[in-house]
Every structure is written in C-alpha cells, then in structure tokens.
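This report describes selected features of a predicted model, from charged pairs to surface composition. Please consult the sequence and the structure shown below while reading.

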Amino acid sequence: MEIKKFTRLSMLLALSVVLNIVESFIPFFNGTIPGLKIGLANTVILFVLYFYSFKDAMTLSILRVLLVGILRTGLFSITSLFSFGGALISIVMMFLSKKFTKLSIIGVSIIGSISHAIGQIIVAILLVKNINIVYYLPWILLFAIPSGILVGFISKEMLKYFKY
Amino acid sequence: MNKSDKILLIIITIIILVICCITFSKKSDLPKKAMVYYQNDLVLSIDLTDDSVNTYEVDGLLGKVVIEKNGSKVRVIEENSPNHICSKQGYIEESYEVLICLPNKIVIKIEAEEKIDTIVK
Amino acid sequence: MKRISLLIIICFCLLLSGCSLKQEKEYKLNLYYMDTYIYVDFFCNNKEQAEAMKTSIDSIYESYHKLSDRYNEYDDIINIYSIHNNDRKDDYLVLDPKLYDLLEYSLEFQKMTNNRFNIEIGGIIDVWKKYRELGEGIPNVKELKTADKRNKLVLLGDNKIKNNHPNLDLGAISKGYATEKVGKYLEEQGITKYLINAGGNVKVGLPNNKDYYRVGIQSPNKDGSLVTIVKGKNISVVTSGSYERNYTYQGKTYSHIIDPSTLYPAEFMKSVTVITEDSAIGDLLSTTLFLMNVDDGLEFIKNYNAEAIWVTNNDELIRSEGFSSYE
C-alpha cells in the first residue's frame with residue numbers, strides 16, 4: 001500500500017474515532033432513543049468508500065468500532081456489539097446502493113444512516129430476544145433522513161478538496 | 001441531490017407513515033398493564049388502572065432495575081448500565097411505547113387489555 | 001432508475017391493494033324473542049343481501065319463538081301451547097315440520113339421557129312459575145306430584161304427533177336450537193364472520209381482523225364479575241344457571257331448571273358453561289350437566305366433543321379436561 005494512502009487512511013480512522021466520541025457528548029443523542037444518532041463518523045467512512053474502495057471503507061469501519069470499543073465502552077460490551085452490527089450492515093448497504101443504483105452520495109448516505117439504525121435494532125432484538133424494539137423504528141427512520149443528508153453533504157464537500 | 005435521491009426520500013416517507021399508522025392504531029382506551037420482560041420471560045405485570053404511585057424492583061443482568069408506576073405511567077428510576085438510556089427515557093404510557101434497558105436485558109411494554117366481544121349469561 | 005421506479009410501483013400497489021379490497025361492513029340486529037334479548041352481528045359486503053338477511057334472521061327467531069311458546073296461542077299454527085290445550089277431536093296433530101324436527105331432536109336426546117333431560121315436565125314448570133311470580137312460598141311435594149301428569153310425547157312420523165295433550169317445555173333447547181339455525185343460515189348465505197348472543201347462548205363464527213373472539217362467562221353471583229374468558233372461533237358457548245331467572249325465597253335461591261326426578265330445582269351447582277361447535281347440542285348439554293353432580297358431569301361430557309366449566313356451590317371452578325385450551 002502506498003505510504004500516502006496509508007497515512008491518509010490512518011488519519012481518517014483517527015478522525016472517525018474522534019467524531020464518534022465527540023458525537024456521544026451531544027446530550028440529545030446520548031440516550032433519548034437507543035440507536036438515534038447523527039453518525040458523524042459516517043462522513044469519513046462514506047468519503048473513503050467514494051475516494052478509495054469498499055474494501056478500505058469496510059476495514060476502516062471495523063477498526064473504528066474496535067477502537068471506540070477499546071477506548072470507551074470495553075471491547076465486548078453490548079454497546080460495541082451494537083455498533084458493530086450497525087456499522088457492518090451500513091457499509092454493505094452503502095456499497096450496494098452506490099454500485100447498483102443511481103443514487104448520489106447523499107442518497108447513499110441516507111441508505112447508510114437507515115441501515116445503521118436497522119442493523120442496531122436487529123442486534124438489539126437478537127440480544128433482548130424481544131421483538132417490541134421495532135417500535136423505535138419510525139423515530140429512527142425519521143431521523144435518518146436529515147442526518148443522512150447532512151453526512152452526505154459533508155462527504156461530498158470533502159471529496160471536492162481531496163486529490164490523489 | 002438527483003432524481004433518484006428524491007424518489008428514495010419519498011419511499012422512506014411512505015414507509016415511515018405506514019409504520020406510524022400501524023403503531024398509532026394500537027393506541028387504545030382500554031385498561032392497560034405494564035409488562036416487564038427479562039429476556040423473553042414475563043417477570044412482572046403492573047396494573048395501570050388506578051392513580052397510585054408505587055415502585056417495583058426486578059433483577060436485570062447487571063443488577064436491580066427499579067421501576068416506578070405513577071398512575072397510568074411507568075418509568076425506570078434506577079438501574080445499573082453504562083449509558084442509563086432507559087432511565088433517561090422517562091415515562092411511557094401508550095400501548096405502542098416501550099422502555100428498553102438493553103444492558104440489563106429488560107423490556108417494559110404497555111399492553112392494553114383485550115376487549116371482550118360478548119358475554120354469555 | 002428503472003429499479004427505483006419499480007420499487008415505487010410495488011410500494012404503491014401494496015398501499016392501494018389495502019384500499020381496493022372488497023368493503024365488508026358490519027351489520028347489527030337486536031331482537032327480543034323467547035324472553036331474551038338477542039343480538040346478531042355479522043359482516044357482509046353486499047348491503048341488499050345484508051338487509052334481506054336481517055329480515056330472515058328475525059323471521060327464523062320469530063318462528064321458533066311462536067312454535068315453542070307454551071303460554072300463548074297464535075292463529076294458524078300449532079305450537080307448544082296448542083299441543084297441550086286444544087279441543088280437537090283428532091287422534092293426531094299435524095305440526096309445522098320445524099317444530100316436529102325440534103321435538104324429534106329433543107326427544108332423541110331425552111332418551112339418550114334416560115329422561116334426565118326432559119321436555120315433558122311442563123306441568124311442574126307451571127307450578128314453579130306460579131310461585132316464582134307470586135314471589136312467595138315453594139310448592140309442596142303433593143302439589144307437584146298432582147301436577148306431574150307427564151303425558152308422553154309420541155311422534156308418529158310425517159310431522160304428526162299423538163294428540164294426547166302433553167304439557168311440554170322447550171325452554172332448555174329452543175334458544176340454542178334457533179341460534180344454531182340462524183348460524184347455519186348465515187353460513188349458507190356465505191357469511192363466515194358473525195356473532196350471535198341470545199343471552200345464555202352465544203354462537204360465534206370467524207372474527208373480523210383478529211385471531212379469535214373473546215367470550216366472557218358471567219359469574220352466577222350477582223356481582224358482574226366474570227368466571228373466565230373463552231377464546232375461540234366457530235364455537236358455541238352456552239351457560240345454564242344464570243342468576244337472572246332464579247327465584248329467591250327466605251334466603252334460599254331456586255334455579256329455574258327443574259330436576260325431573262325430584263320435581264325440585266337442581267342444586268348441584270351454581271352454573272355450568274359448555275363449549276361446543278353446535279349451539280343446540282350445547283344447550284342440551286348445559287341443561288343436562290346442570291341436572292347431575294359435577295363428577296357425573298365430568299364423565300358424561302367425555303362422550304361429546306365438548307368442554308365445560310362448572311361453578312360449584314362453594315364458588316369453586318372445575319374445568320373439563322380440555323377446557324383450558326380455550327382460555
């Protein structure tokens with residue numbers, strides 16, 4: 001891997017971890033509804049997906065979850081398990097929608113945001129073994145639209161400034 | 001945003017509306033009960049038809065979960081978990097609402113009693 | 001783009017299909033026959049048909065009401081009253097086939113239960129009714145024995161019965177029988193979703209928008225509470241022993257169901273409720289179970305495709321083997 005790319009990816013990873021932690025300080029997104037968040041860290045993942053490749057984005061996403069897990073909640077805590085489920089589904093869905101639909105980066109971002117939430121809900125259902133968590137879905141979907149647009153917009157702007 | 005983005009937005013909105021219709025149609029004026037589940041087992045059922053204030057304790061994965069019943073509403077007032085998500089969520093009272101304390105694997109759900117269709121005398 | 005437009009089309013199709021389904025409407029009917037408020041509720045997607053059915057349901061109940069009436073005479077029909085009170089010189093009476101079938105059906109069951117279930121004790125019923133209406137005293141054995149002439153009902157075939165003036169009482173069967181006929185009529189008309197409540201007789205078909213009907217069984221104690229709630233579809237729930245027709249004298253409660261062997265009201269239990277598919281059989285069974293003790297009843301009901309719940313005199317609940325599958 002060329003050094004420039006390697007350095008950039010490392011910095012981006014660091015950025016995504018920081019964004020993730022910063023976001024958890026915003027009180028409203030710290031628990032009002034489980035799974036509800038802006039997903040600022042997703043700007044980085046989305047950027048890598050467009051700028052580099054699916055493989056890189058996937059690696060970055062998994063590493064991010066692991067790092068945040070180590071730094072904040074403990075590696076095998078329920079919260080990390082959550083994020084892992086969300087992140088994995090989100091990155092795969094973003095890749096698929098980028099490749100197979102004509103959605104712009106904003107649309108792809110919305111897809112990512114929604115699937116992140118749905119991924120978390122699926123993990124939650126598996127963990128608690130109770131289907132009622134589905135009742136959160138409309139709130140999460142509703143919120144995924146503005147946050148998806150925001151994240152998509154930021155990534156789009158970022159892409160303009162980066163060059164190989 | 002291009003055309004397909006807008007179409008995506010429309011689809012999502014429709015899905016949200018449909019889900020909302022389904023959940024809100026569950027709203028009912030029938031007498032309600034708060035059902036407390038640990039994993040999938042019903043561990044406590046609290047009748048919400050009177051105005052009394054009461055607290056209940058159930059065992060969660062990480063320790064005791066204290067539930068307060070205040071008239072027709074319930075909330076979690078004390079629990080041991082990293083983010084205290086469910087105690088921050090406050091009261092719930094409608095039959096489509098749930099309180100979920102994931103680290104403790106506790107789910108609190110409001111259930112309306114089923115209607116009796118007819119009575120044989 | 002094609003993919004997405006396809007998705008949208010699918011979404012809209014799903015939404016629209018919800019609206020374009022045939023509109024089934026609920027129709028309700030309140031009647032008063034056989035001394036009982038009758039409520040019929042059914043779902044139908046054709047207004048004219050529904051209105052016509054309402055009329056037919058009314059006339060089915062009306063005809064059984066008149067035929068099984070033992071206190072009033074009606075023009076042009078021979079009913080239970082006129083079987084007992086007529087001054088015809090003929091050896092036989094020609095009955096309406098409906099009444100003949102009902103009598104044949106009841107008599108067959110009476111033979112099966114060795115006269116424990118008995119439609120020929122109208123004379124005793126009359127004596128008890130007199131005291132109940134008076135609100136005072138109970139008849140003594142002598143008075144009851146004198147009244148108990150029990151002329152046998154003799155079926156001669158071809159809708160004919162012997163004109164020996166039997167004093168019949170169909171109170172224990174007519175409501176269940178008529179309700180069953182109405183249920184069958186609705187089903188013949190293609191109506192599957194219905195509920196009929198004729199007091200102690202409830203018959204339900206399929207429910208609308210849910211998995212089953214919930215039928216509450218009223219407590220025989222006058223406190224408005226429920227014995228239990230029965231869940232099910234395509235079932236009949238029949239109770240014997242309601243407090244509504246009871247007679248209380250000097251602190252003792254007398255049921256309206258008379259034991260043909262003692263001539264006194266049965267006192268084995270407070271009430272019994274039977275779940276069957278057929279409402280007429282349900283009515284026969286619940287009355288018969290009321291006339292035997294719970295242990296005999298538990299044995300008796302094993303011969304039928306039915307379940308029962310008893311409320312004993314100590315307010316204890318006893319269920320037949322498979323009853324809890326309905327709870």
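## Charged pairs in the predicted model

Helix α2 (residues 47–68) of chain C holds both C:Glu62 and C:Lys66, which are four residues apart, about one turn of the helix. Helices (H or I, at least four residues) and strands (E, at least two) are DSSP runs, numbered from the N terminus. The side chains of C:Glu62 and C:Lys66 meet in a salt bridge, with an N to O distance of 3.4 Å. A salt bridge is defined as a side-chain nitrogen of Lys or Arg within 4 Å of a carboxyl oxygen of Asp or Glu. C:Glu62 is partly exposed at 30% relative accessibility, and C:Lys66 is partly exposed at 27%. Here buried means under 20% relative accessible area, exposed means over 50%, and partly exposed lies in between (1.4 Å probe, protein chains only).

This is a predicted model, in which local features need pLDDT of at least 70 and side-chain atom pairs count only at pLDDT 80 or more, whereas totals for chains, interfaces and linings use all residues. Residues are numbered from 1 along each chain as its sequence is written, chains are lettered from A and ligands numbered from 1 in the order in which they are written, and side-chain values use heavy atoms, with hydrogens and water left out.

Over all chains, the structure holds 18 salt bridges.

| C:Glu62 | C:Lys66 | 3.4 Å |

A:Asp56 is buried, with a relative accessible area of 10%. A network of salt bridges links C:Arg70, C:Asp126 and C:Asp169.

Side chains of opposite charge can pair when their charged atoms come close.

C:Glu307 belongs to strand β14 (residues 307–311) of chain C. Its side chain reaches the backbone nitrogen of C:Gly322 at 3.0 Å and the backbone nitrogen of C:Phe323 at 3.3 Å. Beyond its neighbours within four places in sequence, C:Glu307 is in contact (heavy atoms within 4.5 Å) with several residues, including C:Thr273, C:Val274, C:Ile275, C:Ile301 and C:Tyr326.

C:Thr312 is placed in the loop between β14 and β15 (317–319) of chain C. C:Thr312 counts as buried because its relative accessibility is 10%. Residues up to four places away in sequence aside, C:Thr312 touches C:Met269, C:Lys270, C:Val294 and C:Ile318.

## Chain C as a whole

The secondary structure of chain C comprises nine helices and 15 strands. Of its 327 residues, 48% count as buried. Among the contacts in chain C with a separation of 6 or more, 59% join residues 24 or more positions apart. Chain C exposes about 16400 Å², of which carbon and sulfur atoms supply 48%. Accessible areas come from the Shrake-Rupley method with a 1.4 Å probe; for residues, only the protein chains shown count as cover.

## Helices α4 and α5 of chain A

A nonpolar surface patch of about 640 Å² is made by A:Ile89, A:Val92, A:Met93, A:Leu96, A:Phe100, A:Ile118, A:Ile122 and A:Leu126. Patches are made of residues with over 30% relative accessible area and no salt bridge; like charges are joined within 9 Å, and nonpolar side chains (Val, Leu, Ile, Met, Phe, Trp, Tyr) within 5 Å. Helices α4 (78–100) and α5 (105–128) of chain A each supply at least two residues of the patch, and α4(A) gives the most, with five residues. A:Ile122, in helix α5 of chain A, is partly exposed at 40% relative accessible area.

Helix α4 of chain A also contains A:Ser83, which is buried at 16% relative accessibility. A:Ser83 and A:Gly119 are 36 residues apart in sequence and 8.5 Å apart in space, C-alpha to C-alpha. Apart from neighbours within four places in sequence, A:Ser83 is in contact with A:Val65, A:His116 and A:Gln120.

Terms used: A polar contact is a pair of N or O atoms within 3.5 Å; within protein, one must be able to donate a hydrogen and the other to accept it, and residues adjacent in sequence count only if both atoms are side-chain atoms.
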